[in-house]
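These are my notebook entries on one structure. I record below what I looked up, topic by topic.

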Amino acid sequence: MHDFLTGPMFYVSFSVCIIGLLVRLILYIRGLAWQLDRVAYRAYPGLGWNGAIRSVLSWLLPFGTSSWRQQPLMTILFFGFHFGAVLIPLFLVAHNLFLKSKLGFSLFTIPQLLADTLSWMVVVSALLLVFRRIALPEVRILTTAYDYLIIALSTAPFITGLLARYEVGDYGFWLVMHILCAEILLIAIPFTKLSHIILFFASRTQLGMDYGIKRGGQKGTSMVW
Ligand code: HEM
Ligand code: HEM
């Protein structure tokens with residue numbers, strides 16, 4: 001099982017994730033229509049890209065937008081979850097040793113203490129995100145089983161990764177479970193709303209362009225729309 005998951009299944013899940021995300025991005029961009037969206041993307045590239053970069057960066061900064069500031073608890077949970085969700089898969093020492101042996105390259109790595117802290121933060125934040133969906137009526141009415149499934153899929157590699165890391169019980173078992181959960185997640189990413197990993201940047205760029213060009217950028221000028 002270990003050989004299968006770290007061999008063929010690793011290459012399959014990794015490629016499905018990367019190629020799938022690229023396809024989602026291309027489909028998103030091809031689906032844009034300036035007439036329908038009423039955004040003059042090409043006509044004002046300077047104003048557009050200015051607005052796009054501003055929008056992406058403000059949303060990536062904790063409390064960087066007024067929506068983040070209006071919902072401080074959600075902001076803390078969101079960033080508590082996402083710092084680890086993004087940094088651990090990419091920059092954990094163990095992952096980079098694995099990457100080097102499989103694909104011949106590795107990335108920058110983070111210290112073990114930081115990795116442990118971020119991993120715990122992901123698990124605790126995920127529990128609180130679930131609690132939020134149950135506790136707040138305005139979120140509860142929008143929540144379906146699918147939302148819980150996505151949180152479970154995203155958190156499973158963290159729980160199993162920590163169980164392996166602390167060698168709770170049978171190390172080999174938890175490592176295999178960890179890699180299995182991680183590969184299920186990688187495969188699920190392009191086909192579910194986890195595709196937001198790339199589509200977040202696409203939709204924020206689009207909206208930022210709209211604000212930069214039309215709704216703010218050229219306010220008070222003779223632009224007809
Ligand atoms: C650069 C990468 C990422 C960005 C920019 C991003 C951004 C976002 C945003 C804007 C939301 C919506 C928050 C809201 O409800 O207001 C969200 C939700 C979520 N993201 Fe990400 N995300 C990224 C990576 C990831 C990764 C790698 C995972 C999983 C390992 C993940 C799992 C989730 C989950 C489970 C939710 C839903 C939380 C809930 O149900 O309340 N994200 N993300
Ligand atoms: C298929 C790809 C993956 C492989 C082969 C892999 C392998 C490993 C290995 C060997 C460890 C070290 C266990 C130890 O300390 O002995 C580990 C730890 C961990 N992995 Fe993965 N992993 C993969 C993907 C992921 C993904 C996608 C996530 C998160 C979304 C993740 C999250 C973690 C966490 C949270 C830990 C423990 C961190 C800590 O040391 O505190 N892994 N992984």
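**Fold.** I read the order of elements from the N terminus as α-α-α-α-α-α-α-α-α-α-α-α. The chain has twelve helices and zero strands; these are DSSP runs numbered from the N terminus, with helices being H or I of at least four residues and strands E of at least two. I note that this is a predicted model, in which local features need pLDDT of at least 70 and side-chain atom pairs count only at pLDDT 80 or more, while totals for chains, interfaces and linings use all residues. Residues are numbered from 1 along each chain as its sequence is written, and chains are lettered from A and ligands numbered from 1 in the order in which they are written.

**Dimensions and contacts.** Along the principal axes, the C-alpha atoms fill a box of roughly 70 × 40 × 35 Å. I looked up burial next: 22% of the 225 residues count as buried, that is, with 20 or more other C-beta atoms within 10 Å of their own, against 12 or fewer for exposed and partly exposed in between, C-beta atoms being placed from the backbone. Among contacts with a separation of 6 or more, 69% join residues 24 or more positions apart; a contact requires C-beta atoms, placed from the backbone, within 7 Å.

**Ligand 1.** Which residues are around ligand 1? I list Phe 78, His 82, Ala 85, Val 86, Leu 129, Asp 147, Ile 150, Ile 151, Ser 154, His 196, Ile 197 and Phe 200, the criterion being a C-beta atom, placed from the backbone, within 6 Å of the molecule. Two or more residues of this shell come from each of α6 (72-91), α10 (145-165) and α12 (196-215). By class I find eight nonpolar, three polar and one charged; Ala, Val, Leu, Ile, Met, Phe, Trp, Tyr, Cys and Pro count as nonpolar, Asp, Glu, Lys and Arg as charged, and the others, Gly among them, as polar.

**Ligand 2.** I find 22 residues surrounding ligand 2, the closest being Ala 94, Pro 157, Gly 161, Arg 165 and Ala 182. At least two residues each are supplied by α6, α7 (93-103), α8 (112-135), α10 and α11 (171-188). Which element gives the most to this shell? I record α10, with six residues. The shell around ligand 2 has 14 nonpolar, five polar and three charged residues.

**Helices α2 and α11.** I then looked up the packing of α2 (residues 8-30) on α11: their axes come within 7 Å and cross at roughly 30 degrees. α2 is therefore roughly parallel to α11, a term for angles under 35 degrees. From α2, the contact uses Met 9, Phe 10, Ser 13, Phe 14, Val 16 and Cys 17, and from α11, Glu 183, Leu 186 and Ile 187. I class these as seven nonpolar, one polar and one charged.

**Two isoleucines.** Is Ile 179 buried or exposed? Ile 179 counts as buried because 23 C-beta neighbours lie inside 10 Å. This residue lies in helix α11 and touches Leu 5 and Thr 6, residues up to four places away in sequence not being counted. Ile 19, found in helix α2, counts as exposed because it has 11 such neighbours inside 10 Å. From Ile 19 to Pro 190 I note 171 residues in sequence and 8.5 Å in space, C-alpha to C-alpha.

Conventions: Contact = placed C-beta atoms within 7 Å. Axes fitted to C-alpha atoms, helices over the stretch in contact; angles between N-to-C directions. Parallel < 35°, antiparallel > 145°, perpendicular 65-115°, else oblique.
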